[in-house]
Amino acid sequence: MNRFRIVPGAEAAFEEVWASRDSHLREVPGFVSFHLLRGAAAEDHMLYASHTVWRSRADFEAWTESEAFRAAHRGAGGNRALYLGPPQFEGFDSVQELLPG
C-alpha cells in the first residue's frame, strides 16, 4: 500500500493519472487485485492510498524488480505538482481473510 497526500483541488487530476495509466499488473504473476482509495480530507491535503493484493510477498518483490514495474512508473515524476511529498509505502502480510458465503 502507498499513501499519497494530494494538493487540495488536484484530486480529479490525480485520479485521472491513475485511471489513464497502463499499470501492467494484470500480466504479472501473483497479482490478485488493485484498489485506488480516497481517504479523508485534511486542511492541507486529500489522502489517497493505492492498495494492491499479491499472492505472496515474493510475487510482490519480483514485480518491483520487473520491466512491468518500470513501465508502469515511467513518467511518474511529471506529476509532482499534485503531491505533497513522496508516497509513503506500507507493506502488510495477511493474517486473516473473510470472504462472503
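Predicted model: local features only at pLDDT ≥ 70, side-chain atom pairs only at ≥ 80, totals over all residues.
Residues are numbered from 1 along each chain as its sequence is written, and side-chain values use heavy atoms, with hydrogens and water left out.

The protein chain contains three helices and four strands. Helices (H or I, at least four residues) and strands (E, at least two) are DSSP runs, numbered from the N terminus. Read from the N terminus, the order of the elements is β-α-β-β-α-α-β. The C-alpha trace spans about 35 × 35 × 20 Å along its principal axes. The protein chain has 101 residues, of which 22% count as buried. Here buried means under 20% relative accessible area, exposed means over 50%, and partly exposed lies in between (1.4 Å probe, protein chains only). Among the contacts (heavy atoms within 4.5 Å) with a separation of 6 or more, 64% involve residues 24 or more positions apart.

The four strands form an open sheet in the order β2-β3-β1-β4, with antiparallel pairing. Strands β2 (31–41) and β4 stand at the edges and have a single partner strand each, so one side of each is left without a neighbour in the sheet. Two strands are taken to pair if DSSP finds at least two bridges between them. Strand β1 (residues 2–6) runs antiparallel to strand β3 (residues 46–54), and five bridges join the two. Within this pair, Arg-5 stands opposite Leu-47 in β3. Strand β1 also pairs with β4, again in the antiparallel sense, over two bridges. Here Arg-3 stands opposite Gln-88 in β4.

Helix α1 (residues 11–20) lies across β1, β2 and β3 and runs at about 15° to β3. For this angle, axes are lines fitted to C-alpha atoms, for helices over the stretch in contact, and angles run from 0 to 180 degrees between N-to-C directions. Phe-14 is found in helix α1. This residue is buried, with a relative accessible area of 0%. Apart from neighbours within four places in sequence, Phe-14 is in contact with Phe-4, Ile-6, Leu-36, Tyr-48, Leu-82 and Tyr-83. Arg-57 lies 43 residues away from Phe-14 along the chain, and the C-alpha atoms of the two are separated by 28 Å.

Ser-50 has its place in strand β3. Ser-50 is also buried, with a relative accessible area of 5%. Not counting residues up to four places away in sequence, Ser-50 touches Met-1, Asn-2, Phe-4, Trp-18, Phe-34, His-35 and Leu-36.

The structure holds five salt bridges. A salt bridge is a side-chain nitrogen of Lys or Arg within 4 Å of a carboxyl oxygen of Asp or Glu. One of them joins Asp-59 and Arg-55, with the closest N and O atoms 3.0 Å apart. In this pair Asp-59 counts as buried at 14% relative accessibility, whereas Arg-55 counts as exposed at 60%. Another salt bridge joins Glu-67 and Arg-70, at 3.3 Å from N to O. Both residues lie in helix α3 (residues 67–73), three residues apart, which is about one turn of the helix. Glu-67 is partly exposed, with a relative accessible area of 46%, and Arg-70 is partly exposed at 43%.

Asp-93 forms a salt bridge with Arg-57, the closest N and O atoms being 3.1 Å apart. This pair links distant parts of the chain, 36 residues apart: Asp-93 is in the segment after β4, and Arg-57 is in helix α2 (residues 57–64). Strand β4 itself comprises residues 88–89. Asp-93 is exposed, with a relative accessible area of 52%, and Arg-57 is partly exposed at 40%. Asp-93 and Gly-75 are 18 residues apart in sequence and 29 Å apart in space, C-alpha to C-alpha.
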